[in-house]
Amino acid sequence: MARIRTIKPEFFTSEDIVNLTPLARLLYVALWCEADREGRLVWKPKTFKMRYFPGDSFNIEKLCDELRESKLVLVYVVNDLSYGFIPTFHAHQHINPREQKTQLPEPPANVFITRESRVSTRQ
């Protein structure tokens with residue numbers, strides 16, 4: 001079920017984002033709409049393609065790999081079903097308190113790979 005999400009102005013200048021191809025940026029935002037209140041989603045690239053890019057011709061698997069390789073989305077498997085998790089979801093999204101509680105399984109502890117910060121802390 002798609003949900004309403006927000007994009008902050010700094011999204012467009014974030015190093016994590018500007019290093020992505022333009023279509024991967026758009027897919028990343030689309031996945032926020034797929035994600036539940038915990039930042040979890042069912043991982044179905046072909047569904048993402050049909051839902052968010054129905055008239056476009058490109059390889060959705062490559063875009064999904066781009067998001068996975070950047071660690072913006074982590075994919076895990078529970079009972080032979082694939083799920084995605086957006087690690088920074090809560091830092092960037094305000095969740096409607098009426099939004100339904102998650103029905104998706106929690107990611108295993110080993111999926112939480114620390115991403116190296118790309119924000120300079122030099123003064």
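This is a predicted model: local features need pLDDT of at least 70, side-chain atom pairs count only at pLDDT 80 or more; totals for chains, interfaces and linings use all residues.

Residues are numbered from 1 along each chain as its sequence is written, and side-chain values use heavy atoms, with hydrogens and water left out.

**Exercise 1.** Describe the backbone angle phi and the surroundings of K71 and D80.

*Solution.* Step 1: most residues other than glycine have a negative phi. Step 2: K71 has a positive phi near 65°, and the phi of D80 is likewise positive, near 65°. Step 3: K71 lies in the loop between α4 (60-69) and β2 (74-78), whereas D80 lies in the loop between β2 and β3 (81-85). Helices (H or I, at least four residues) and strands (E, at least two) are DSSP runs, numbered from the N terminus. Step 4: K71 counts as partly exposed because its relative accessibility is 30%, while D80, at 77%, is exposed. The classes are buried (under 20% relative accessible area), exposed (over 50%) and partly exposed (in between), with a 1.4 Å probe and protein chains only.

**Exercise 2.** Locate D36 and determine what its side chain reaches.

*Solution.* Step 1: D36 is in the loop between α2 (22-34) and β1 (40-42). Step 2: the side chain of D36 reaches the backbone nitrogen of E38 at 2.9 Å. Step 3: beyond its neighbours within four places in sequence, D36 has contacts (heavy atoms within 4.5 Å) with residues including R3, R5 and F89.

Conventions
A polar contact is a pair of N or O atoms within 3.5 Å; within protein, one must be able to donate a hydrogen and the other to accept it, and residues adjacent in sequence count only if both atoms are side-chain atoms.
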